[in-house]
Amino acid sequence: MSEFLPFIMFAAVFVLLLVGYPVALTLGGVSVVFGLFTFGPDFFALLPMRLWGTMTNYVLMAVPLFIFMGVMLEKSGIAEKLLETMGLLFGRFRGGLALSVIIVGALLAASTGIVGATVVTMGLMSLPAMLKRGYQPELATGTIAASGTLGQIIPPSIVLVLLGSILNVSVGDMFIGAMIPGVLLVTAYVLYIIVMSVLQPSSMPSIPADELTAFARNRPWKTILEAFVIPLLLVLAVLGSIFAGIASPTEAAAIGAFGAMLLTLFQRKLSMSVLRSVMKETTYLTSMVFIILAGASAFSLVFRGMHGDRILADLITQANFQPELFLAIVMIGVFIAGFFIDFIEIIFIIVPVVAPVFSAFGVDLLWIGVLLAMNLQASFLTPPFGFSLFYLKGVSPREVTTGHLYRGIIPFIVIQLVMLVMIILFPEIVTWLPEQLSGR
């Protein structure tokens with residue numbers, strides 16, 4: 001019976017999450033019940049040391065700093081300027097507005113990494129404009145939801161920070177390894193829009209000529225500089241300092257947070273009320289992440305105390321699983337779990353369980369981390385509980401139905417799955433750039 005206890009605990013956590021109990025309390029509560037039943041109260045004397053190790057983790061300091069940077073950029077109005085300017089720049093092309101949404105989504109992902117803020121911002125600003133210009137609702141909503149979720153894979157990503165911490169992989173290497181997959185995913189989205197503009201031209205009309213003429217008259221280069229180049233410099237400062245080895249991810253996050261404040265000041269949007277609002281939202285989001293980390297630490301302590309990781313490894317060895325088969329099972333499991341639970345829950349529940357097995361197989365954990373990040377990105381898009389779909393539905397006009405959202409996101413989920421298969425078949429997509437930059 002004792003051999004099954006770790007998996008009973010795992011199943012209990014999963015069921016309670018599906019019922020709707022909070023993640024952190026579920027992880028912590030179930031762990032305490034099973035720990036007391038199995039070991040008694042003295043076992044939990046180890047827990048404060050684990051929590052202290054988590055709270056003093058230098059890498060995890062990047063989480064509140066990146067969140068602060070993202071929220072500050074959202075308040076600065078830069079996203080609004082980016083969307084308007086890019087839409088007019090691509091307006092002469094059929095599907096140009098959709099292309100601008102994808103490119104702005106990629107830029108915001110590299111600037112903020114906060115999916116909810118990006119989806120809501122782009123939904124509020126671009127969805128009404130796309131529908132007004134005759135875009136098919138499915139195409140418009142799918143493009144916005146998929147583009148707003150790019151912050152999961154494009155650095156600096158909080159997902160990559162958390163995965164790097166749990167897998168014990170350098171966060172800088174995670175950022176570098178995710179660069180090419182992120183660029184390829186954006187390219188695949190762009191190619192899909194171009195193909196659809198040829199196959200279904202009526203689904204994405206071009207912007208009227210009078211709007212483009214008016215834009216060309218009003219000093220467009222000044223607008224482009226303010227909306228496009230300045231935020232790009234911030235992205236280059238953050239990622240460039242990491243890739244060049246000048247700064248650690250935590251130090252680069254501090255550069256980004258300070259740079260976001262300067263940009264907001266430059267936009268004349270910085271005030272005490274804005275600063276207070278940004279700090280409040282940053283504190284809320286950071287507290288949510290770290291209280292889940294505390295619950296996950298308790299879960300990991302009890303699971304490993306019951307030798308759950310060793311039992312799982314022994315079961316896989318006895319079943320004579322090959323690394324490829326185990327990888328396929330994990331990827332399918334994570335993808336299915338994404339239909340029902342949030343990416344943070346998956347990171348803190350599933351990843352600590354499977355990471356030792358991958359290590360035993362001798363699999364490159366950097367490659368596994370980027371694979372998981374790409375897979376977890378789909379969890380934001382998959383019905384019925386795709387959080388990006390919820391965010392977008394909340395700011396959509398009444399004529400946009402849930403059916404539009406579900407149908408519109410399917411092609412983008414297929415694109416992500418194709419990219420996932422490509423990374424599995426060609427690990428060099430992830431490993432080549434880190435090896436080149438490290439001189440290996």
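**Exercise 1. Determine whether Asn-168 is buried or exposed, and describe its setting.**

Solution. Step 1: apply the accessibility classes, in which buried means under 20% relative accessible area, exposed means over 50%, and partly exposed lies in between (1.4 Å probe, protein chains only). Step 2: Asn-168 has a relative accessibility of 73%, so Asn-168 counts as exposed. Step 3: locate Asn-168 in the loop between α9 (158–167) and α10. Step 4: note the backbone, where Asn-168 has a positive phi of about 60 degrees although it is not a glycine.

The structure is a predicted model, in which local features need pLDDT of at least 70 and side-chain atom pairs count only at pLDDT 80 or more, while totals for chains, interfaces and linings use all residues. Residues are numbered from 1 along each chain as its sequence is written, and side-chain values use heavy atoms, with hydrogens and water left out.

**Exercise 2. State how many helices and strands the protein has, and what percentage of its residues count as buried.**

Solution. Step 1: helices (H or I, at least four residues) and strands (E, at least two) are DSSP runs, numbered from the N terminus. Step 2: the protein has 22 helices and zero strands. Step 3: of its 440 residues, 54% count as buried. Step 4: for contacts, meaning heavy atoms within 4.5 Å, take those between residues at least 6 apart in sequence; 81% of them join residues at least 24 apart.

**Exercise 3. Describe how α8 and α21 pack, and which residues make the contact.**

Solution. Step 1: axes are lines fitted to C-alpha atoms, for helices over the stretch in contact, and angles run from 0 to 180 degrees between N-to-C directions. Step 2: helix α8 (residues 137–148) packs against helix α21 (residues 402–425) at an angle of about 60 degrees, with the axes 7 Å apart. Step 3: angles under 35 degrees count as roughly parallel, over 145 as roughly antiparallel, 65 to 115 as roughly perpendicular and the rest as oblique. Therefore α8 and α21 are oblique to each other. Step 4: on the α8 side the contact is made by Pro-137, Glu-138, Thr-141, Gly-142, Thr-143, Ala-145 and Ala-146, and on the α21 side by His-404, Leu-405, Arg-407, Gly-408, Ile-409 and Phe-412. Step 5: sort the residues by class, with Ala, Val, Leu, Ile, Met, Phe, Trp, Tyr, Cys and Pro as nonpolar, Asp, Glu, Lys and Arg as charged, and the others, Gly among them, as polar. The contact of α8 with α21 then has six nonpolar, five polar and two charged residues.

**Exercise 4. Classify the ring pair of Tyr-192 and Phe-412.**

Solution. Step 1: rings of Phe, Tyr and Trp (its six-membered ring) pair if their centres lie within 6.5 Å; planes under 30 degrees apart count as stacked, over 60 as edge-to-face and the rest as tilted. Step 2: by this rule there are four aromatic pairs. Step 3: the ring centres of Tyr-192 and Phe-412 are 5.2 Å apart and their planes stand at 75 degrees, so the pair is edge-to-face. Step 4: the pair links distant parts of the chain, since Tyr-192 belongs to helix α10 (residues 171–199) and Phe-412 to helix α21, 220 residues apart. Step 5: Tyr-192 counts as buried at 18% relative accessibility, and Phe-412 is buried with a relative accessible area of 0%. Step 6: Tyr-189, Tyr-192 and Phe-412 form one aromatic cluster.

**Exercise 5. Determine how α19 is oriented to α21.**

Solution. Step 1: the axes of helix α19 (residues 365–379) and α21 come within 10 Å and cross at roughly 170 degrees. Step 2: this makes α19 roughly antiparallel to α21. Step 3: Trp-367, Leu-371, Met-374, Asn-375, Gln-377 and Ala-378 of α19 meet Gln-416, Met-419, Leu-420, Ile-423 and Ile-424 of α21. Step 4: by class, the contact of α19 with α21 holds eight nonpolar, three polar and no charged residues.
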